[in-house]
2 protein chains.
Amino acid sequence: MAASKEGFLEAKHEGVALLARERAAASFNVRAMTHLLDGGEEATAEKERVAAMVEEHAVLQASDRYFVGRQESLARAMQKFKEIVRLTLAAGLDREDGVRMYYYVNEPMPTSLHHGMFIPTIQSQGTDEQRAEWLPLAAMFSIIGAYAQTELGHGSNVRGLETTATFDVETDEFVLNSPTLTSMKWWPGGLGVAATHCVTHARLMIDGTDYGVHTFIVQVRDLEDHTPLPGIVIGDIGPKFGWNTADNGYLAFDSVRIPRNQLLARYATVARDGTYTKPPHEKIGYGTMIRIRSMIVAGASDALARACTIAIRYSAVRRQGTTRGRDGGEMVVLDYTMQQHRLLILLATAYAFHFTGEYMMELYRRLQADLEDNDLSVLPEVHATSAGLKSMTTTVTADGIEEARRACGGHGFSQFSGLPYLYTWYVPAVTYEGDNVVLALQTARYLIKSCRQAADGKPLSAGVAYLSARPGATCAAANPADMGRLDVLAATLAARAGEAVRAVTGRLDALLASGVDYDEAWNHLMVELCAASRAHCEYSVVRNFAAAIATVECPDLAGILTALCRLYAASRIEADLGSFLAQGYLSKGQSQWVKDIVHATLAVIRPDAVALVDAFNFPDFLLNSALGRKDGDVYVGLVEAARSAPVNEHLRPIIDKSLFSNLHIPSRL
Amino acid sequence: MAASKEGFLEAKHEGVALLARERAAASFNVRAMTHLLDGGEEATAEKERVAAMVEEHAVLQASDRYFVGRQESLARAMQKFKEIVRLTLAAGLDREDGVRMYYYVNEPMPTSLHHGMFIPTIQSQGTDEQRAEWLPLAAMFSIIGAYAQTELGHGSNVRGLETTATFDVETDEFVLNSPTLTSMKWWPGGLGVAATHCVTHARLMIDGTDYGVHTFIVQVRDLEDHTPLPGIVIGDIGPKFGWNTADNGYLAFDSVRIPRNQLLARYATVARDGTYTKPPHEKIGYGTMIRIRSMIVAGASDALARACTIAIRYSAVRRQGTTRGRDGGEMVVLDYTMQQHRLLILLATAYAFHFTGEYMMELYRRLQADLEDNDLSVLPEVHATSAGLKSMTTTVTADGIEEARRACGGHGFSQFSGLPYLYTWYVPAVTYEGDNVVLALQTARYLIKSCRQAADGKPLSAGVAYLSARPGATCAAANPADMGRLDVLAATLAARAGEAVRAVTGRLDALLASGVDYDEAWNHLMVELCAASRAHCEYSVVRNFAAAIATVECPDLAGILTALCRLYAASRIEADLGSFLAQGYLSKGQSQWVKDIVHATLAVIRPDAVALVDAFNFPDFLLNSALGRKDGDVYVGLVEAARSAPVNEHLRPIIDKSLFSNLHIPSRL
Ligand SMILES: Cc1cc2nc3c(=O)[nH]c(=O)nc-3n(C[C@H](O)[C@H](O)[C@H](O)COP(=O)(O)OP(=O)(O)OC[C@H]3O[C@@H](n4cnc5c(N)ncnc54)[C@H](O)[C@@H]3O)c2cc1C
Ligand SMILES: Cc1cc2nc3c(=O)[nH]c(=O)nc-3n(C[C@H](O)[C@H](O)[C@H](O)COP(=O)(O)OP(=O)(O)OC[C@H]3O[C@@H](n4cnc5c(N)ncnc54)[C@H](O)[C@@H]3O)c2cc1C
């Protein structure tokens, strides 16, 4: 429709005024909050500098993301990758800036795993010679690497991988084979299109002995013409729910030979004569894992914050219903308490996860130092908690994004809301880097161990100190104000976690004592074990959040953060009141106070809702959302986006006249 | 990869044997269950006949659904539509068969609303002359209609629609106008591409008076060349999370004139001189609404059943973990109790919703008869319950599909699992036909009214009779076996619903008494109101399910259905134990029994899990899922699907050699 034709449609741009009014009402300085979240003014400036660079370059934009098909998406992602490489080289950017640039481009790419896993694996598992040989090639993109662990038949259970690497002492080579269909590598990003090389996991076989899964470097495609090398079957696994800009692929080996020095041999080695030396017990690698998981937890906060930004801005502008709002017009939907219950709890969660991500990053730094001093004391707790936190935060975030999308009504279903993309981009986080159920069970295993230590009177690390509390305690809060104190809420969550862990430990011990075998007993208790892990993690998040708030100097910021922490904690209790009542920690009256606290805190946060999402400081191009635009002009955004949809230029051929001409009727009835 | 190249990958087809073993262990006759679900042998035969017809016709297939882009999707959907029309005419199929054919083609189409809303609206709101004029044209597809109610600015609040239809007494016409950007029609299916006509909602203006929203027939495109008529701005709203085979569109009017007889005038009329006659209070239309909602509830069951079929078959074949399974191999994941807790509760839910859908359909039939006899006694209850049930069942189903998808691990993220499509196809059901929050609140309104009636000692209809129970009652179950009886579980759910409704009614009355205005009080209580609605609906589902089981004669079928009903009911209690404990209906001991019942019932249902999904009788082509295939050969399915992905034929051009040639390194390192 041409501009002239549209002239009769008066655009009110009302959202602009509505968001301005929201912003004027904020109780705190948004810029100060942004600095607090980023870790200082300078950090904000660095982020904004990179964001501006990305915004400047047309090829890095995502504005037509919602229109292009699979092949084109892959091709564009490769273009983006090249542009990032070009820009980082041209501007002499450092690694951190490179990471920031990927962040703002915001698309899984055929090359994502090159930086994400290929290089780090060689770094951590390669010998010095292997590092010297491969890392420069990788750094200059002379080779592009993938991380090929998962197979068609095995993901979570790495010990079940079937690919073999058999040592041939004659030729001093390993011979890689995929003996079964299920042994095909399946899922690794980069294999579909981009990878020339990969690190791959295979069972090391020497002289008929299976030494278990080890890691190898293999070239898979020719560097000149990019065709698969002999014996390599490789391709793309096809379209996915999301991540269609990435080329998750398959790979099978038919007697592919690699020299002995392509076993990553920092810890395990095979000598010229086939003598195998197994890795020393090795925990230094745990540091890296904790770093990745703290990035995932921080990433959960970031993703949830984007969803909140979109849904809260839109809800502050969307008028709907027969109820009159404060300005006499139709009520904006953010003023409905149900909408607040859906969205502001998510907002509090995004803030809560942020501070837990920070805390874990700090811990990682301390841990690295400890590990170098051979002090492993906090490692088990941090390691176990990080598994559970990865599990809990990614599940909550994925669910939260989708909840935010639904809370936008019909328009949330449009790609132009940005929310469908955000969801399908984010949701594999519940699966990769450890399936969330499997990880929760890992945490539970540690909690049970700690519980037994507590029973034996051994000291516990701070994060699980609650396990040595006397069972049967009750909440001391004497009134609603007491109940709403962060320390009281945290203690309440700790009490539930303690009870959950004690109860499941008791049941496990009873089953074992009755002769049930361990695996069976474990399986029998899985639902409770996962619940215990979650209880522990929710407590940890509140503990970290409250600790972070204690260090905030500005009273305005501390004030609203306290409200957010209160809401997060109280809403976690509200969502599982049965546990608190069944264990007798809360009385019925106290449980009602918790509900009242949630309700009252929603009202406290509501006036700051838009300012709180503004503080996340997402540029419009990153959100790529007509509903979440910073200026609030959502309807103009939707109409402009629809106008740009290619389908509107290609409608006519779809309609076949024969359909409408079988009755001879005048053209205007 | 050519067949020869793949030869070294040995396919074990193990899933085939595993599913055969599962099927051999079933406790009931699957075919008998299918007949029970379908409503008799004949009904099953009819479904299968149509399914076979759809399967036979290449153009109706969805096998390449996951590869085609938006424009092509629309074009194919139109071809499918034409083929359905051709087949129904050629085979002389009746309306029911036509509906079944759409069901098996399983794609929203540019023409879906033609049958779904355009024709029914003319039928229910048109005068006899209007029906005679328009319905034959629509039946022969001489015109294609859309249902254009929602605007950019208004969906839920229909009273807020802005489009105007101003009566021009001079010319005896209505003049349609879209005064603002937000008044554009936005979302109606069919507008984007297909529609030549629509029924549209606009404010009727006569002589400066606004008579509120009425329904009109308008032609929007030329019947010969399909271009928009003068004054019509029309197009597609762009890509969506799902439904990209449909053409949800926009539409604006710039002084478009239609004759007076295009106001649908069965109930409201405008005379030649502009005299307006308002509709008599009219409840006959409620029957239709209940019919649509019972179809949505039945549809929720159907969609959830598909997800369960895929995830349960796959989980019975997927081996993963270090635990040994019963056959000594790696455990199949369906044997993990956590996986059972996730999937078998969903399976029980799919069965539960089925019988509530049936119940509502039956009620609709009785209601139609009652209404013709002017007996409106059960109408309010049925109407209110149907709103809440639409809300509850669609939310649970959407969440359940996604849970099932995640429970398939990485492969659930592949489009070839069929689950991403199923989710995005289903999920708008939480929004259309009434946003789920808005509907839950409607139910709550009725419940409060009934609660007040109960307090006044007035009689209540059967579905809400629990509201006249004495408050403060406790559960009489004396042991776990007692607790697991369906009547006891139903009574427990009724007790929670009663307490929730009484409590929120009391709080509402207190707020009103303290001078708070109604809208504000209502808003204040929204979270509790929605919870009360949900509690009522969960009780209703169990009540209907238990009633249906009571009529099942075959003991095997009744046995497993009883287990499913028990699991559904107990899991609903388990998920919200806090309410039952806080109100004091369950003791702590009883609450533990409920958990134990859930656990024990999972074990009862597990051996029948595959048989129970087989009974849904979905043909493979409908599920369109490598993981859900009936034969269990999931890995072969995934590999074949990936092999057929067009991206694997178009990889080369994506890689730009320049990337890999900036260092001069030999082609094999
Ligand atoms: C987008 C995406 C990108 C990926 N990128 C890569 C990559 O670059 N490289 C790579 O190697 N891999 C990659 N993967 C694969 C990923 O690592 C695996 O999918 C993940 O580890 C989960 O394993 P799985 O798929 O085998 O699921 P499974 O382990 O088979 O899980 C299936 C179900 O079984 C349950 N289950 C499994 N084990 C247990 C147990 N012990 N106890 C109880 N329940 C259990 C799970 O909870 C789940 O519900 C990617 C996956 C995705 C989705
Ligand atoms: C796939 C699809 C197909 C569609 N097809 C058609 C079609 O063919 N024809 C047609 O006319 N329309 C169609 N629609 C539009 C659909 O009917 C509307 O989207 C739906 O009615 C919801 O209204 P809304 O989008 O205005 O959401 P809103 O009502 O604006 O909802 C936004 C948020 O506000 C909340 N909210 C709104 N009102 C209240 C209240 N009173 N109290 C508390 N909270 C409230 C909601 O819960 C939601 O969270 C379609 C939509 C979709 C997604």
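Helices (H or I, at least four residues) are DSSP runs, numbered from the N terminus. The model is predicted: local features need pLDDT of at least 70, side-chain atom pairs count only at pLDDT 80 or more, and totals for chains, interfaces and linings use all residues. Residues are numbered from 1 along each chain as its sequence is written, chains are lettered from A and ligands numbered from 1 in the order in which they are written, and side-chain values use heavy atoms, with hydrogens and water left out.

**View 1. Ligand 1 between chains A and B.** Around ligand 1 are 29 residues, each with a heavy atom within 4 Å of the ligand. Among the nearest are Thr150(A) and Arg318(B). α13(A) gives the most to this shell: three residues.

**View 2. Polar contacts of ligand 1.** A polar contact is a pair of N or O atoms within 3.5 Å. The side chain of Gln339(B) places an N or O atom 2.8 Å from an oxygen atom of ligand 1. A polar backbone atom of Ala407(B) is 2.9 Å from an oxygen atom of the ligand. Taken alone, ligand 1 exposes 970 Å², and the protein buries 93% of that (Shrake-Rupley method, 1.4 Å probe).

**View 3. The site of ligand 2.** Here 28 residues surround the ligand. They come from chains A and B, so the site is shared between chains. α10 (337-372) of chain A and α13 (436-455) of chain B each supply at least two residues of the shell.

**View 4. Polar contacts of ligand 2.** A polar side-chain atom of Gln339(A) lies 2.8 Å from an oxygen atom of ligand 2. For Gln149(B), a polar backbone atom is 3.0 Å from an oxygen atom of the ligand.

Terms used. Polar contact = N/O pair within 3.5 Å; in protein donor to acceptor, adjacent residues only side chain to side chain.
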